[in-house]
Amino acid sequence: MTNFIVAVCDWWHGVLENVRNLKTGADFMREEKPLKAIASHIDATYWDYYGGPGGQPIDWVEAEGMLENFCRCNINKYNVRIDKKNDFAEDQLKDSLKLAHYAVLLVGCYLQKIELEADVEREI
C-alpha cells in the first residue's frame, strides 16, 4: 500500500479509538457499531479482497493523481446501487460499507490537501 493509504488507515484507526473511548451515553446517535463495521470492512478489503498489500488498483489511481475523483465517483456509484438492491438489507449494507470506505479515503484526500497547504504557507 502507498504511504497515503497507510496514513488514511492510521487516521481512521485513531477515529475508531476515540469512538471506543466514548463514555456510556455519549454515543447518542449509535455511531459506535456502524464505525466498527466500517473499520472491519476497511481492514478486510486490503487483506481479503486483493489477497494482501501491494500492487492494488487504488495505488495506481493515487499515483496517477486521480484518487479524489475516483473516490467521488465510487461514492456516487454505491449510493445509486443501494436503491437497486430491492431492500435486501445485507446487500444494502455491503454497498453502504463500500461507500463509507471511499468516503474515508476522500476525507484523507482533503486532510492531505490541508496539510500541504499549511506546509506551503509555513514555507512562504
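Because the model is predicted, local features need pLDDT of at least 70 and side-chain atom pairs count only at pLDDT 80 or more, while totals for chains, interfaces and linings use all residues.

**Stop 1: the core**

Select L67, C71, Y102 and L105. Of the 18 residues in the largest nonpolar core, these four touch the most other members. A nonpolar core here is a set of buried Ala, Val, Leu, Ile, Met, Phe, Trp, Tyr and Cys residues joined through side-chain atoms within 4.5 Å. Now colour the helices α2 (32–49), α3 (57–63), α4 (67–83) and α5, each of which supplies at least two residues of this core. The largest share, eight residues, comes from α5. Helices are DSSP runs (H or I, at least four residues), numbered from the N terminus.

**Stop 2: the E68 network**

Next, show the side chains of E68, R72 and K113, which are linked in a network of salt bridges. A salt bridge means a side-chain nitrogen of Lys or Arg within 4 Å of a carboxyl oxygen of Asp or Glu, and the structure holds four of them.

Between R72 and E68, the closest N and O atoms are 3.1 Å apart. These two residues sit four apart in helix α4, so about one helical turn separates them. Turn to E68 and K113, whose closest N and O atoms are 2.7 Å apart. That pair links distant parts of the chain, with E68 in helix α4 and K113 in helix α5, 45 residues apart.

Is E68 buried or exposed? E68 counts as buried, at 17% relative accessibility, whereas R72 is partly exposed at 39% and K113 is partly exposed at 38%. Buried means under 20% relative accessible area, exposed over 50%, and partly exposed in between (1.4 Å probe, protein chains only).

**Stop 3: along α5**

Move to E90 and K94, both in helix α5 and four residues apart, about one turn of the helix. Their salt bridge has its closest N and O atoms 3.9 Å apart. E90 is exposed at 57% relative accessibility, and K94 is partly exposed at 44%.

**Stop 4: a nonpolar patch**

Finally, select V107, L111 and I114, which make a nonpolar surface patch of about 230 Å². Patches are made of residues with over 30% relative accessible area and no salt bridge, where like charges are joined within 9 Å and nonpolar side chains (Val, Leu, Ile, Met, Phe, Trp, Tyr) within 5 Å. Accessible areas come from the Shrake-Rupley method with a 1.4 Å probe; for residues, only the protein chains shown count as cover. I114 lies in helix α5 (residues 89–123) and is exposed, with a relative accessible area of 53%.

Methods: Residues are numbered from 1 along each chain as its sequence is written. Side-chain values use heavy atoms; hydrogens and water are left out.
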